[in-house]
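Dear colleague,

Please find the structure below for your files. My notes on it follow directly after.

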Amino acid sequence: MFDELVEMNNTDMRFIKKAFEVAKNSQYKVHHGAVLAKSGKELRSGCNQNRPVRFLNKYHRYASLHAEVRVLLNITKETTNGADIYVARISGDNNMAMSRPCPMCLHMASEMGIRRIFYTIDNRNFGMIKL
């Protein structure tokens, strides 16, 4: 796994903007949204929630439901294998902010066969992690 600063193509920008819009639905203090996509098509989207998830406790004692995990719940590895996740965070001034996935989310994404995770750094910069 390694990070890269990337230029987003039109498809990637469409999905990262959708993740930003989805993040607006979060009721948690830090608003994150995620989109799971494969072959240019959105499979699902979701935002983070301040809701403990019991099976995540092996990663963190008080793990809440992260947006990246939410899009991977109740889906088969066959479906997610080779897919990408796009993650966006809304800052206090309603701009894009750093949303690099945590180790727990990276591990789960890797286990589910996710190929890459794109994430917001700010309004102009985006990162990508190849898994």
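In strand 7, Ala97 is the bridge partner of Arg89. Strands here, like helices, are DSSP runs numbered from the N terminus (E, at least two residues, for strands; H or I, at least four, for helices).

Before going further, some conventions: this is a predicted model, in which local features need pLDDT of at least 70 and side-chain atom pairs count only at pLDDT 80 or more, while totals for chains, interfaces and linings use all residues. Residues are numbered from 1 along each chain as its sequence is written, and side-chain values use heavy atoms, with hydrogens and water left out.

**Overall architecture**

The protein contains four helices and nine strands. Their order from the N terminus is β-α-β-β-β-β-α-α-β-β-α-β-β. Of its 131 residues, 46% count as buried, where buried means under 20% relative accessible area, exposed means over 50%, and partly exposed lies in between (1.4 Å probe, protein chains only). Among contacts (heavy atoms within 4.5 Å) between residues at least 6 apart in sequence, 61% join residues at least 24 apart.

**Strand 6 and its partners**

Six of the seven residues of strand 6 are buried, so this strand is largely enclosed by the rest of the structure. Two strands are taken to pair if DSSP finds at least two bridges between them. Strand 6 runs antiparallel to strand 2, to which seven bridges join it; one of the pairs is Ala37 with Asp84 in strand 6. With strand 8, strand 6 runs parallel, over four bridges, and Val87 stands opposite Tyr119 of strand 8. The pairing with strand 7 is antiparallel and has two bridges. Strands 6 and 7 form a hairpin with five residues between them, and Asn94 in the turn has a positive phi of about 65 degrees.

**Nonpolar cores**

A nonpolar core is a set of buried Ala, Val, Leu, Ile, Met, Phe, Trp, Tyr and Cys residues joined through side-chain atoms within 4.5 Å. The largest such core has 22 residues, of which Leu36, Val69, Leu72, Ile85, Ile114 and Ile117 touch the most other members. At least two residues of this core come from each of strand 2 (31-38), helix 2 (67-70), strand 6 (84-90), helix 4 (103-111) and strand 8 (116-120). Helix 4 contributes the most to this core, with five residues. Apart from this core lies another, of 16 residues, with Val35, Ile90, Met96 and Met128 among them.

Leaving out residues up to four places away in sequence, Ile85 touches several residues, including Leu36, Leu72, Ala109, Ile114 and Phe118.

In helix 4, the buried residues are Met104, Cys105, Leu106, Met108 and Ala109. The buried residues of this helix pack against strand 5 (64-65), helix 2, strand 6, strand 8 and strand 9 (126-130). Gly113 follows helix 4 and has a positive phi, near 80 degrees.

**Salt bridges**

A salt bridge is counted when a side-chain nitrogen of Lys or Arg lies within 4 Å of a carboxyl oxygen of Asp or Glu. By this rule there are six salt bridges. One of them joins the side chains of Asp3 and Arg100, at 2.7 Å from N to O. Asp3 lies in strand 1 (residues 2-6) and Arg100 in the loop between strand 7 (96-97) and helix 4, so this pair ties together parts that are 97 residues apart in sequence. Asp3 is partly exposed at 36% relative accessible area, and Arg100 is partly exposed at 39%.

The side chains of Arg116 and Asp84 meet in another salt bridge (2.8 Å, N to O). Arg116 is in strand 8 and Asp84 in strand 6, so the pair ties together parts that are 32 residues apart in sequence. Asp84 is buried, at 5% relative accessibility. A network of salt bridges links Asp84, Arg115 and Arg116.

Lys24 and Glu21 also form a salt bridge, their closest N and O atoms being 3.1 Å apart. Lys24 is partly exposed at 42% relative accessibility, and Glu21 is partly exposed with a relative accessible area of 42%.

Yours sincerely
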